[in-house]
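Work through these exercises on charged side-chain pairs with the structure open. Each task comes with its solution.

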Amino acid sequence: MTTPQRPQQPDAELHALYREGREDELPAPELDQRILRAAHAATSTERVHGTTGTTSWWRAWRPVTSVVVAGVIGLAVTLNVMQQQQTDEFSDRQATTAETAASRAKSSPAAADSVAAAPAAAPALAELAIRAPAAPVPAAPVASVAMSPERSQVAPAENVTAPAAATAAEAFATKKASSELLPAAPPFANQTADVAAALSDKESIGRAKAELSTRGVVSAQAASVEREVAANDLEQKLKQIRDLARAGKHTEASELIRQLQHRDPTFVLPEDIEALLAASPGKSK
Amino acid sequence: MGDARTDEGLMLQYRDGDAAAFDILYARHRGSVYRFLLHQTGKREVADELFQDVWMRAINARSGYQPTAKFTTWLYRIASNRLTDHYRQQGLRSAHETELDDEESAMPDAQDAQQAPRHEQPPQMMERQQLAHRLVSALEALPLEQRQAFLLAAEGELTVEEIGRACDVGYETAKSRLRYAYQRLRHLLSDLRP
């Protein structure tokens with residue numbers, strides 16, 4: 001009769017009987033040696049060819065490689081964003097500077113008059129401004145503004161034409177030949193050229209308007225400089241005539257007066273010189 | 001004192017190039033695997049050949065070894081597959097054919113298996129020893145799948161679930177095979193018991 005068994009549980013009695021009844025059958029020693037040699041040879045071959053080593057190396061370095069690659073990509077993206085931000089910031093400053101100059105020029109009646117009255121003279125006067133080294137007075141603001149744009153915002157606006165002229169010179173130099181005109185700051189000139197190229201259309205329109213306005217300011221500034229130079233020259237000539245008149249050298253004094261009248265037909269001899277010439281007896285050389 | 005490392009740990013060490021770990025594993029399981037194959041085939045020459053093939057397959061498969069199951073389950077699965085290949089080569093009945101055998105048709109003839117008349121049996125110790133030898137001999141009369149299930153349980157000490165994994169069959173199938181094996185063996189042995 002068969003004894004019912006719980007199928008999940010091993011039949012311990014049968015197992016014990018089996019173990020008692022079996023002979024201690026084992027593989028032959030030669031077979032053992034053959035298998036063990038094969039097992040050792042397999043690991044030796046792996047060491048020579050590095051198959052397992054390669055797998056282990058890859059598995060070990062896979063997370064490290066992933067982290068390094070992610071870090072490099074993150075660094076590259078961060079640097080790119082920072083560079084882009086710097087460029088945008090510089091562009092904003094440029095645009096702000098141009099707009100400020102334009103508004104100042106508009107608010108200045110003299111500049112507005114110049115814009116209205118001297119459109120034809122603007123290129124010539126702008127070139128005069130570009131030739132900054134030859135004209136000491138406008139050269140300084142041009143250089144300073146070109147080197148540090150933010151100065152135009154903090155400098156006191158005592159004279160409306162001075163910052164306007166500086167801004168105009170900066171804009172003109174940026175657009176055309178800043179690297180040639182400002183050899184002391186070639187990197188900035190290159191940056192300025194890059195930024196100007198990167199400006200959007202909207203900014204370009206604003207800049208164009210500002211440039212048109214500032215060109216008139218440049219004209220006014222150049223005319224002012226010319227007038228100033230002429231006035232200085234006139235003052236020197238008059239002083240020279242007075243000295244000659246006091247010394248009794250009427251002939252030389254008259255010659256100078258004639259030159260002045262020839263240069264400027266509307267020239268009127270000052271009364272004090274007339275009095276000197278009349279009071280002292282003339283003597284020729 | 002034996003090595004306290006588990007079979008799975010030793011196999012992982014061998015996978016990573018520690019040949020000495022394989023020596024320990026082999027020493028632990030060489031006897032049971034060999035007997036499993038010997039009792040399945042019944043011929044020492046065939047068992048030798050299959051035994052070597054099983055261990056060579058284990059050596060070659062070491063790089064893909066993952067300790068998702070017991071090492072013995074993995075090892076006996078290799079052995080069972082090799083046995084299946086052997087049966088196919090020999091043109092023996094397939095597992096499905098033997099699975100359909102009913103219990104009675106597979107029942108060994110108790111009288112043929114009996115080795116000695118009951119009146120010649122020695123006292124209790126001798127009787128138990130005789131019973132044990134009888135059991136081992138009766139194994140050969142079991143269908144292949146039932147014998148395999150019994151040997152996996154007795155030699156490999158696998159559970160029903162592990163037997164199913166080793167034989168690549170479901171839990172219920174493994175349980176059924178093992179149950180029939182026990183029933184037939186007990187039926188045989190009942191004739192010998194006083």
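**Exercise 1.** How far apart in helix α3 of chain A are Arg93(A) and Glu89(A)?

Solution. The model is a predicted one.
- Step 1: Arg93(A) and Glu89(A) both sit in helix α3 (residues 51-107) of chain A, 4 residues apart.
- Step 2: That spacing is about one helical turn.
- Step 3: Their side chains form a salt bridge, 3.3 Å from N to O. The cut-off is 4 Å.
- Step 4: Arg93(A) has a relative accessible area of 38%, so this residue is partly exposed. Glu89(A), at 44%, is partly exposed.

**Exercise 2.** Which parts of chain B does the pair Arg77(B) and Asp168(B) tie together?

Solution.
- Step 1: The two side chains meet in a salt bridge of 3.2 Å, N to O.
- Step 2: Arg77(B) belongs to helix α4 (residues 71-90), while Asp168(B) is in the loop between α10 (160-167) and α11. The pair therefore ties together parts 91 residues apart in sequence.
- Step 3: Arg77(B) is partly exposed at 32% relative accessible area. Asp168(B) reaches 55% and counts as exposed, because the exposed class starts over 50%.

**Exercise 3.** Are Arg186(B) and Asp11(A) buried or exposed?

Solution.
- Step 1: Arg186(B) and Asp11(A) form a salt bridge, with the closest N and O atoms 2.8 Å apart.
- Step 2: This pair crosses between chains: Arg186(B) lies in helix α11 (residues 171-190) of chain B, and Asp11(A) in the segment before α1 (12-21) of chain A.
- Step 3: Both residues are buried.
- Step 4: A network of salt bridges links Asp11(A), Glu13(A) and Arg186(B).

**Exercise 4.** How many salt bridges are there over all chains?

Solution. The count is 21.

Conventions. Residues are numbered from 1 along each chain as its sequence is written. Chains are lettered from A and ligands numbered from 1 in the order in which they are written. This is a predicted model: local features need pLDDT of at least 70, side-chain atom pairs count only at pLDDT 80 or more; totals for chains, interfaces and linings use all residues. Side-chain values use heavy atoms; hydrogens and water are left out. Helices (H or I, at least four residues) and strands (E, at least two) are DSSP runs, numbered from the N terminus. Buried means under 20% relative accessible area, exposed over 50%, partly exposed in between (1.4 Å probe, protein chains only).
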